[in-house]
Protein chains: 2
Amino acid sequence: MKITNKDILDMQDRYRAAFVNGLLGPKGVHLLGTRSQDGIDNLSIVSSATHFGANPAIIGVLFRPDSVRRDSLEKMLVTNVFTLNTVTKNIFKQSHQTSARYDREISEFDKVSLTSQSIHDFEAPFVKESFMKVGLSYLEHHEMKVNSTVLVLGRVELVEIPDGVVLEDGAINLNNYPSVVVQGLDSYYERGEFLGKLPYAKP
Amino acid sequence: MKITNKDILDMQDRYRAAFVNGLLGPKGVHLLGTRSQDGIDNLSIVSSATHFGANPAIIGVLFRPDSVRRDSLEKMLVTNVFTLNTVTKNIFKQSHQTSARYDREISEFDKVSLTSQSIHDFEAPFVKESFMKVGLSYLEHHEMKVNSTVLVLGRVELVEIPDGVVLEDGAINLNNYPSVVVQGLDSYYERGEFLGKLPYAKP
């Protein structure tokens, strides 16, 4: 079936949100950890974490206009650092629950029963239950004209991953670790069977 | 194991690229279709397509500095439109092969044996073999200061998806469609078992 921009404009708001969010198929999903000026550890689920470059090592993540007003970006800019923690099969329900709009003085860690982990003196919380944790420092941000969404780029400062997952060529082998992907706003899938590691493509 | 920014800086280039690309775990993967001024249909694999908003319906995708120099962004700006096509299990090898650096007058469709599909009078090619195809028109772009990567936002103009996959609430159910995800630069996985569709989270 074909759907045009006009059809999308005619959709009811929640229906449209679900539909458009689903158009890209399965996406990676992460928990974004920040710490407020008052020392409260916050956590929100995101499906926008994107690799922007390896040298320097840069990852970008979106802060939606509503969360900007609420607290995530503001909090992040207090300590200048944030974390991204890969969502795993054992915690996908708690992870999803972090999308609820808790009051700003409440720590989502407490509400959803995930464990805030400190690593070295990094001033943002990692998620203990995740097996792949990345700590980043603020680099630059860009506000989208069309809808005021803010893209924040961070530089990778600290990584915690299981021993033995880095292959000879630097690739990270997660075959034995149960990460998940999300379809649209709310449908979760296991990461499935390994299909293959393909060679560097040449013409 | 812990890895610091200093450790990453010390890595050999290709090793670093593989390592940093793998830090986010499994990612969605798409074929980006563009058409040049000369009418050549081009295709490149990307793992950066990101939902930026539903109203209006906005998707962003990265153009790496090297591909900017080469052709993708330049070509896209000629027709002002591009397509994103979800990579499926039956075409992941051909899709990966589009990352080879073919000369600019060559169509990757021909080289990797994928089929260029026209829909209505949309001036960028869709991938016939993909089951979820999105046509977008250029909206705005942002160049990253740190590494000159360019983020391009497009507005969703046209969608082709299978009949019967849109649920009552607007969500797209892909349980019967074999999409894949990519880990790092080159490791492909099936999208695995459905774990659940979770309710809208409330405090």
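Predicted model: local features only at pLDDT ≥ 70, side-chain atom pairs only at ≥ 80, totals over all residues.

Colleague: Okay. What does A:Lys2 meet in a salt bridge?
Modeller: Its partner is B:Glu160, at 3.3 Å from N to O. A:Lys2 sits in strand E1 of chain A and B:Glu160 in strand E11 of chain B, so this pair joins two chains.

Colleague: Are those two buried or exposed?
Modeller: A:Lys2 is partly exposed, at 41% relative accessibility. B:Glu160 is buried, at 16%. The cut-off for buried is under 20%, so 16% falls inside it.

Colleague: What else does B:Glu160 touch?
Modeller: Leaving out residues up to four places away in sequence, its contacts include A:Met1 from chain A, and B:Gln117, B:Phe131 and B:Lys133 from chain B.

Colleague: Now chain A. Which residue does A:Lys133 pair with?
Modeller: A:Glu160, in a salt bridge of 3.1 Å from N to O. A:Lys133 is in strand E10 and A:Glu160 in strand E11 of chain A, so the bridge ties together parts that are 27 residues apart in sequence.

Colleague: And how buried is each one?
Modeller: A:Lys133 has 3% relative accessibility and counts as buried. A:Glu160 is buried too, at 16%.

Colleague: What else does A:Glu160 bridge to, over in chain B?
Modeller: B:Lys2, where the closest N and O atoms are 3.3 Å apart.

Colleague: Which strand gives the most to chain A's side?
Modeller: Strand E13 of chain A, residues 187–197, with 11 residues. By class, that side has 53 nonpolar, 28 polar and 23 charged residues.

Colleague: How many residues does the contact take from each chain?
Modeller: It takes 104 from chain A and 104 from chain B. Together the chains bury about 9,000 Å², with 63% of it on carbon and sulfur atoms. In chain A, the residues that lose the most area to chain B are A:Leu24, A:Leu195 and A:Leu198, together 9% of what that side buries.

Colleague: Switching to sheets. What is the strand order in the open sheet of six strands?
Modeller: The order is E2(A)-E12(A)-E13(A)-E13(B)-E12(B)-E2(B), and the pairing is antiparallel.

Colleague: What happens at the edges?
Modeller: Strand E2 of chain A and strand E2 of chain B stand there. Each has a single partner strand, so one side of each is left without a neighbour in the sheet.

Colleague: And where the chains meet, how many bridges join E13(A) to E13(B)?
Modeller: Seven, and the strands run antiparallel. For a landmark, look for A:Lys197, which stands opposite B:Ser187.

Colleague: What holds strands together in a sheet anyway?
Modeller: Strands pair through backbone hydrogen bonds, either parallel or antiparallel.

Colleague: Back to chain A. How many bridges join E12 to E13 there?
Modeller: Four, again with the strands antiparallel. A:Val181 stands opposite A:Tyr189. The hairpin has three residues between the strands, and A:Gly184 takes a positive phi near 65° in it.

Colleague: What about E12 and E13 in chain B?
Modeller: Four bridges join them, and they run antiparallel. B:Val180 stands opposite B:Glu190.

Colleague: Which lysine does B:Glu190 bridge to?
Modeller: B:Lys89, with the closest N and O atoms 3.4 Å apart. B:Lys89 lies in the loop between strand E7 and helix H5 of chain B and B:Glu190 in strand E13, so the pair ties together parts that are 101 residues apart in sequence. B:Lys89 is partly exposed at 35%, and B:Glu190 is partly exposed at 22%.

Colleague: Last one. Is A:Ser113 buried or exposed?
Modeller: Exposed, with a relative accessible area of 57%. A:Ser113 is in the loop between helix H6 and strand E8 of chain A. Beyond its neighbours within four places in sequence, A:Ser113 contacts A:Gln94 and A:Glu129.

Technical notes. Residues numbered from 1 in each chain as written. Chains lettered and ligands numbered in written order. Heavy atoms only, no water. Contact = heavy atoms within 4.5 Å. Buried area = accessible area lost by both parts, 1.4 Å probe. Salt bridge = Lys/Arg side-chain N within 4 Å of Asp/Glu carboxyl O. Nonpolar A, V, L, I, M, F, W, Y, C, P; charged D, E, K, R; others polar. Pairing = 2+ DSSP bridges. Buried < 20%, exposed > 50% of the residue type's maximum accessible area, 1.4 Å probe, protein only.
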